[in-house]
Amino acid sequence: MSTLGLTRNALWAPTLGYVNRNVAMLAHDAAIPAALAVLATVELVSLRVPGLPAAIAVEVGACVLLVWRKRWPLIMCTAAGLVLVSLPYIGPDLNEPAVPILVVALASFSLGRYVPRHRGLLSMAAVFLALLVTQQLTLSLEPDISDAMFLVVMLVPPYLFGWLTRRLDESHAGQTRLL
């Protein structure tokens, strides 16, 4: 018999293991977005963009949203992409910093990897249209098909790679169940 809370056989001991696993999973999920946030901050500071604090807040905010990309991929990945659309209204143009491309690529991969079937395509279309419209409104260049093609090349390959990864994982899980 154990005294509650004083030995390892206490009633709440399994709860601590569950909490420790969740904290470890959250830290694992936060590693790539945290690295992107640091990279974005260094890039924006080195570019000396106008509206630096707000631009850093937008990019770091998009990275923070991606921490929960596995738990709520449709909401968080879409939100991360749409948050980055506000960047040219507060500071640098869309064609200045490069880290937002990595953030959108991670969001696109996560939509393909963690959203079942092809439900992530609607979210990808929303981010694509928002980026395209923002690019046309904020840049003083004439509309060009190459802008749309750049966005397609930026969004589609990570999505397809995520989709392929999910399919391989499902196939492997099915074969494992047969054993």
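A residue counts as buried when its relative accessible area is under 20%. By that criterion aspartate 29, with a relative accessible area of 12%, is buried in this predicted model.

**Figure 1. Overall fold of the predicted protein chain.** The chain contains seven helices and zero strands, giving the pattern α-α-α-α-α-α-α along the sequence. Of its 179 residues, 36% count as buried. Among contacts with a separation of 6 or more, 71% are between residues 24 or more positions apart. The accessible surface comes to about 10,900 Å², and carbon and sulfur atoms account for 70% of that area.

**Figure 2. The largest nonpolar core.** This core comprises 34 residues, and the members touching the most others are Leu66, Leu84, Val103, Leu111, Phe128, Leu131 and Leu151. Two or more residues are contributed by each of helix H1 (13-47), helix H2 (52-65), helix H3 (73-84), helix H5 (99-114), helix H6 (120-138) and helix H7 (145-178). In soluble globular proteins, nonpolar side chains tend to be buried together.

**Figure 3. Surroundings of leucine 84.** Leaving aside residues up to four places away in sequence, leucine 84 touches Val58, Glu59, Ala62, Leu94, Pro100, Val103 and Val104. Leucine 84 and Val103 are both among the core residues that touch the most other members.

**Figure 4. Salt bridge between lysine 70 and aspartate 29.** The model holds three salt bridges. In this pair, the closest N and O atoms are 3.0 Å apart. Lysine 70 lies in the loop between H2 and H3 and aspartate 29 in helix H1, so that distant parts of the chain, 41 residues apart, are linked. Lysine 70 is partly exposed at 31% relative accessibility, whereas aspartate 29 is buried at 12%.

**Figure 5. Salt bridge between arginine 113 and aspartate 169.** The closest N and O atoms of this pair are 3.5 Å apart. Because arginine 113 belongs to helix H5 and aspartate 169 to helix H7, the pair ties together parts that are 56 residues apart in sequence. Arginine 113 counts as buried, with 18% relative accessibility; aspartate 169 is partly exposed, with a relative accessible area of 39%.

Figure 6. The side chains of glutamate 170 and arginine 166 meet at an N to O distance of 3.7 Å. Glutamate 170 is partly exposed, its relative accessible area being 42%, while arginine 166 is buried at 7% relative accessibility.

Conventions: Residues numbered from 1 in each chain as written. Predicted model: local features only at pLDDT ≥ 70, side-chain atom pairs only at ≥ 80, totals over all residues. Heavy atoms only, no water. Helix = DSSP H or I, 4+ residues; strand = E, 2+ residues; numbered from the N terminus. Buried < 20%, exposed > 50% of the residue type's maximum accessible area, 1.4 Å probe, protein only. Contact = heavy atoms within 4.5 Å. Areas by Shrake-Rupley, 256 points an atom, 1.4 Å probe, with all protein chains shown as cover. Core = buried A, V, L, I, M, F, W, Y, C linked by side-chain atoms within 4.5 Å. Salt bridge = Lys/Arg side-chain N within 4 Å of Asp/Glu carboxyl O.
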